[in-house]
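Hi everyone, thanks for coming. I'd like to walk you through one structure today, so please have a look at it with me.

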Amino acid sequence: SGRAWRVQFSNIQAFKSVSWECGAHLLSNAPDGAFFEVTQSPLLEELGLGRHEFLNKSHHFVVSTYDDIVHVIAWSCEFSPIDATSSGSG
């Protein structure tokens, strides 16, 4: 839709950015929308889910931007729309 969003992650364990050209095929079964959570995440498994207690609180979030697909492993995230009349800073 072109709407701008602010996203804030807490307790980040991993971050991966993939270009749209290289990662779009990964979204073929994804839900509609620019951001979602992956359940039964292979990335969480790779990082050691079940071997590291702190990963039990972690989630695999995906943010699809115009040019990139961003994967974030974190305990939580919060999305909020950015008012078009504000500068978006702060």
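Let me start with a lysine: Lys57 lies over the face of Trp75, 4.4 Å from the ring centre. By "over" I mean that NZ of Lys or CZ of Arg is within 6 Å of the ring centre and within 35 degrees of the ring normal.

A word on what you are looking at. This is a predicted model, where local features need pLDDT of at least 70, side-chain atom pairs count only at pLDDT 80 or more, and totals for chains, interfaces and linings use all residues. Residues are numbered from 1 along each chain as its sequence is written, and side-chain values use heavy atoms, with hydrogens and water left out.

Now the layout. The chain has two helices and four strands, and from the N terminus on they follow the order β-α-β-α-β-β. Both kinds of element are DSSP runs, numbered from the N terminus: helices are H or I with at least four residues, strands are E with at least two.

How many aromatic pairs does the structure hold? There are three. Rings of Phe, Tyr and Trp (its six-membered ring) pair if their centres lie within 6.5 Å; planes under 30 degrees apart count as stacked, over 60 as edge-to-face and the rest as tilted.

One of them is Phe9 with Phe61, a tilted pair at 5.9 Å centre to centre and 45 degrees between the planes. Phe9 sits in strand S1 (residues 5–19) and Phe61 in strand S3 (residues 59–64), so this pair ties together parts 52 residues apart in sequence. Phe61 is buried, at a relative accessible area of 8%; buried means under 20%, exposed over 50%, and partly exposed in between, with a 1.4 Å probe and protein chains only.

Another is Phe35 with Phe79, which is stacked: 3.9 Å between centres and 10 degrees between planes. Here Phe35 belongs to strand S2 (residues 35–38) and Phe79 to strand S4 (residues 68–81), so the pair links parts 44 residues apart in sequence. Phe35 is partly exposed at 30%, and Phe79 is partly exposed too, at 23%. Together with Trp5, Phe35 and Phe79 form one aromatic cluster.

Finally, confidence. pLDDT is the predictor's confidence in each residue, from 0 to 100. The chain's mean is 83, and 80% of its residues reach 70 or more. Where is confidence lowest, and where highest? It is lowest in helix H1 (residues 20–23), at a mean of 75, and highest in helix H2 (residues 42–47), at 92.
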